[in-house]
Amino acid sequence: MIAGRRHERHKPADLYFNSLLATGRRAFSLGRFRSAGETLADVRSPADAQAVDIQLHERVRALRRGLPAGVQLVGALAGGRKTMSAALQAAFSLQASRSDRLVHTLLHPVIEEVSAERREAFVVPEPGWEVPEAEQVTLHDVWFPPLRELFAGAQVDGRPLVAWLDDAPYGQVVRRLGDAAQGAASAVLRRERRGWTYAISVGMHAEKTDLAGREAEALAALVALRGAATAGEIVDWRVQRGLIVEPATQDERERAENAARQAMRHLRKRLTHLVGRGLADLLPSLATGPERRYRLGGTVEVDWSGLHR
């Protein structure tokens, strides 16, 4: 059950939910969930559970974005399969705000102890029990971490976390947050208004380093050349991309290669702080071996459209 209500201090939450539950309808209606275009009869397979995960997430997101100000989103975990309750709690963690409520209903012990048939027929509030109507069901507030607000400034893959939660499909949200939780590092080299930036994300932490044009081109060359290149190969790649004119003489060739080496030295100096943070793979290595190749071990995404003169 998902409901919206305006904040009413004078109306106890227990009485409010009693009035909702008094209809006798189950907390979850499987008729509202579909898998492969068909209405779910039950949640019996991974595909069924995934359909509930996706649709509850989308429903909570739509309500959070569409409900008028001052209306509190309230979700009830009671009823339905455990997979449905788990999906609702996950949806609230990803999409709800800290002012919203997630609750569970607890039956009075006397009602819990009766026969299954009588308990199944019970609809609150019901007279005739030795338990007062106001005590037959108790609401328990279930805490959930409101990720949108707790990590409002966090970045995932160089993009604000709230942006992923606002518009990304459920599968992408889960995959991106899963990668971030595992501490997987990602890097993006792109051209912005003020110049080139090298953005690195690790978990929920993100940072950007400004790079000069030649430094960015040297790094992009390593990515394009599969993580290993000599200064000469970097020069050839820049020529092929139309970034520089092909050297006409040996002297010009040597100057171009020396410029590539200098750009790589500057790049390493600018990014040297990555070593102490365990991110050395995202920093080009010194030119080593007989061929004097620079190497890049990590995966870097490059905005190739920015490479132009």
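Helices α9 and α11 pack with their axes 8 Å apart and at an angle of about 95°, where axes are lines fitted to C-alpha atoms, for helices over the stretch in contact, and angles run from 0 to 180 degrees between N-to-C directions. That angle makes α9 roughly perpendicular to α11, since angles of 65 to 115 degrees count as roughly perpendicular, those under 35 as roughly parallel, those over 145 as roughly antiparallel and the rest as oblique. From α9 the contact draws on Arg 214, Glu 215, Ala 218, Leu 219 and Leu 222, and from α11 on Ala 259, Ala 263, Met 264, His 266, Leu 267 and Arg 270, contact meaning heavy atoms within 4.5 Å. Sorted by class, the residues of this contact are seven nonpolar, one polar and three charged; here Ala, Val, Leu, Ile, Met, Phe, Trp, Tyr, Cys and Pro count as nonpolar, Asp, Glu, Lys and Arg as charged, and the others, Gly among them, as polar.

The model is a predicted one, in which local features need pLDDT of at least 70 and side-chain atom pairs count only at pLDDT 80 or more, while totals for chains, interfaces and linings use all residues. Residues are numbered from 1 along each chain as its sequence is written, and side-chain values use heavy atoms, with hydrogens and water left out.

The protein as a whole has 11 helices and 14 strands, both taken as DSSP runs numbered from the N terminus (helices H or I with at least four residues, strands E with at least two). Of its 309 residues, 41% count as buried, a term that stands for under 20% relative accessible area, with exposed meaning over 50% and partly exposed lying in between (1.4 Å probe, protein chains only).

On the α9 side the meeting residues are Arg 214, Glu 217, Ala 218, Ala 220, Ala 221 and Ala 224, and on the α10 side they are Ile 234, Trp 237 and Arg 238. This contact of α9 with α10 comprises six nonpolar, no polar and three charged residues.

Helix α10 itself is mostly covered, with seven of its 10 residues buried, namely Ala 231, Gly 232, Ile 234, Val 235, Trp 237, Arg 238 and Val 239. These buried residues pack against α9, β12, α11 and β13. From helix α11 (residues 250–270) comes Glu 257, a residue that is buried, with a relative accessible area of 18%. Once neighbours within four places in sequence are set aside, Glu 257 is in contact with Ala 231, Gly 232 and Val 235, each of which is among the buried residues of α10.

Most residues other than glycine have a negative phi. Arg 226, although not a glycine, has a positive phi of about 60°; this residue lies in the loop between α9 and β12 (228–229) and counts as exposed, at 82% relative accessibility. Arg 292, in the loop between α11 and β13 (294–295), likewise has a positive phi, near 55°. Just after α10, Gly 242 takes a positive phi of about 75°.

Elsewhere in the chain, helix α3 (residues 82–95) has 14 residues that at 1.5 Å a residue should span 20 Å, and its end C-alpha atoms are 20 Å apart, which agrees; the expected span is 1.5 Å times one less than the number of residues. Its buried residues include Met 84, Leu 88, Phe 92 and Leu 94.

The structure holds two aromatic pairs. In one of them, the rings of Phe 92 and Phe 144 have their centres 5.5 Å apart and their planes at 85°, so the pair is edge-to-face; rings of Phe, Tyr and Trp (its six-membered ring) pair if their centres lie within 6.5 Å, with planes under 30 degrees apart counted as stacked, over 60 as edge-to-face and the rest as tilted. The pair links distant parts of the chain, as Phe 92 belongs to helix α3 and Phe 144 to the loop between β6 (137–141) and α6 (147–150), 52 residues apart. Both Phe 92 and Phe 144 are buried.
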